[in-house]
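This briefing covers a pocket, a surface patch, salt bridges and backbone angles, with the cut-offs given alongside each term.

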Amino acid sequence: MMIALRRACALLVLFLTAFLPSPQYAQDPAMVHYIYQRFHALEQGLEKCTRETRAYIQDFQEFSKNISVMLGKCHTHTSEYKSAVNNLALRVERAQREIDYLEYLREAEECTESEEKTLAEMLLQAAEEEKKIRTLLNTSCDNMLMGIKSLKIVKKTVDPDGSWMKDAGSDSPKVYLLIGSRNKTVWEFANMRAFMEDSTRPAPRKLPLPHSWQGSGHVLYKGFLYFHNQGTSNEIIKYNLQKRTVEDRMLLLGGAGRALVYQHSPFTYIDLAVDEHGLWAIHSGPGIQSHLVLTKIDPSTLGVEHSWDTPCRSQDAEASFLLCGVLYVVYSSGGQGPHRITCVYDPLGIISDEDLPNLFFPRRSRSHSMIHYNPRDKQLYAWNEGNQIIYKLQTKKKQSLK
């Protein structure tokens, strides 16, 4: 409509410019009547244009009003929708927090159940382990060491290192001498008197071994000599002295043979022992401040039955032995006296260091090359600076202290 109005005004201007009469036609009635008609038609066109414009403006105002109302409603609805969305977002966030909390409670409950289950399994495992150990060490032996009563030097040799023994698993009177820390000859004496007196008949029997031993930690048990095979770090050989054959061999694991068992026994890397429960092995664990590892061995199969990491240190130690399943470790300062037992380990946990009196050995100038217990005659067989020694022991029932 506005475009039509502008067009009408433009036509009026053109008309006035084109048809306005010149002065010479001002007196012509026909021309005046013509101009009047033209102006009258133009006036009617302008009035029509004005009416249409006003109608358009009115319609536009009504439309604008309606649009404004609608926009107001839209704004109101938008605010309502926005508020609803915000409320929904808050509810979703709250629900998420509740879900997270419930998930946390569920995980915490599962974790607690898992921890309780793990603890129960550990307790069950510990109970089974204790039962296994008690079954393994189930004998009538319940003695503990209370003192070293006396010392007897049975024989003297020129070798500072070596070992000597009787069969710890039989009542045979024979005595065996193994001279040196590396050798492959065993001397068999008919009895203790023949061992003590070189002139006594019969003469000792020479038993050559197919392999040399290492250190002085060998034992004789039920006719078999068990020794650490020289040239290997952890191989133990089971040798039948009667048949003169290697019956079996094993590799002792757990770091055995990597370091000396005892600081003051410079050639022994694995120390074997026998007590009322059977065959054992002692070796040093890993590390500079290493502790002794105690291993129970099945003599028939050479299988490891159980191992324990003991609190007894290798540092300043010179020897150890087992009596009724308890490990006694002998220490000395600088490899010299006094020689005393200052660390005791009982796998059953019945006795500890605090239960024992001060256990001293009769004074010797040097450390022992070996100290082994014989469960048959309840004595210690030791080697000290070439002297073959027997220590008599004083024992007491374990239960009497509890």
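Leu 71 lies in helix H2 (residues 29-136), where helices (H or I, at least four residues) and strands (E, at least two) are DSSP runs numbered from the N terminus. This is a predicted model, in which local features need pLDDT of at least 70 and side-chain atom pairs count only at pLDDT 80 or more, while totals for chains, interfaces and linings use all residues. Residues are numbered from 1 along each chain as its sequence is written, and side-chain values use heavy atoms, with hydrogens and water left out.

**Surface patch**

- Leu 71 is exposed, at a relative accessible area of 55%; buried means under 20% relative accessible area, exposed over 50%, and partly exposed in between (1.4 Å probe, protein chains only).
- Together with Tyr 56, Ile 57, Phe 60, Phe 63, Ile 67 and Met 70, Leu 71 forms a nonpolar surface patch with about 680 Å² of accessible area.
- Patches are made of residues with over 30% relative accessible area and no salt bridge, like charges being joined within 9 Å and nonpolar side chains (Val, Leu, Ile, Met, Phe, Trp, Tyr) within 5 Å; accessible areas come from the Shrake-Rupley method with a 1.4 Å probe, and for residues only the protein chains shown count as cover.

**Salt bridges**

- The whole structure holds eight salt bridges, each being a side-chain nitrogen of Lys or Arg within 4 Å of a carboxyl oxygen of Asp or Glu.
- Asp 142 and Lys 397 form a salt bridge whose closest N and O atoms are 3.2 Å apart; this pair links distant parts of the chain, 255 residues apart, with Asp 142 in the loop between H2 and strand S1 (143-156) and Lys 397 in strand S20 (residues 387-397).
- Asp 142 counts as buried at 18% relative accessibility, whereas Lys 397 counts as partly exposed at 46%.
- Arg 376 and Asp 171 meet through their side chains in a salt bridge (3.3 Å, N to O); Arg 376 lies in the loop between strand S18 (370-374) and strand S19 (379-384) and Asp 171 in the loop between strand S2 (162-166) and strand S3 (175-179), so parts 205 residues apart in sequence are tied together.
- Glu 276 and Lys 378 pair in a salt bridge (3.2 Å, N to O); Glu 276 belongs to the loop between strand S10 (271-275) and strand S11 (278-284) and Lys 378 to the loop between S18 and S19, so the pair ties together parts 102 residues apart in sequence.

**Largest pocket**

- The largest pocket contains about 170 Å³ of space, and its lining includes Lys 174, Glu 188 and Arg 205, along with Asp 167 and Tyr 176.
- On a 1 Å grid over the protein atoms alone, a pocket is an open set of points with protein on both sides within 12 Å along at least five of seven lines, and lining residues have an atom within 4 Å of a point.
- The lining divides into three nonpolar, four polar and four charged residues.

**Backbone angles**

- Lys 378 has a positive phi of about 60° although it is not a glycine, and Lys 378 is partly exposed, with a relative accessible area of 41%.
- Arg 244, in the loop between strand S8 (235-240) and strand S9 (245-251), likewise has a positive phi, near 60°.
- Most residues other than glycine have a negative phi.

Note on methods: On a 1 Å grid over the protein atoms alone, a cavity is a set of points where a 1.4 Å probe fits but cannot get out, and a pocket is an open set with protein on both sides within 12 Å along at least five of seven lines; lining residues have an atom within 4 Å of a point. Grid points are joined across faces, edges and corners, and a volume is the space filled by probe spheres set on the points. Ala, Val, Leu, Ile, Met, Phe, Trp, Tyr, Cys and Pro count as nonpolar, Asp, Glu, Lys and Arg as charged, and the others, Gly among them, as polar.
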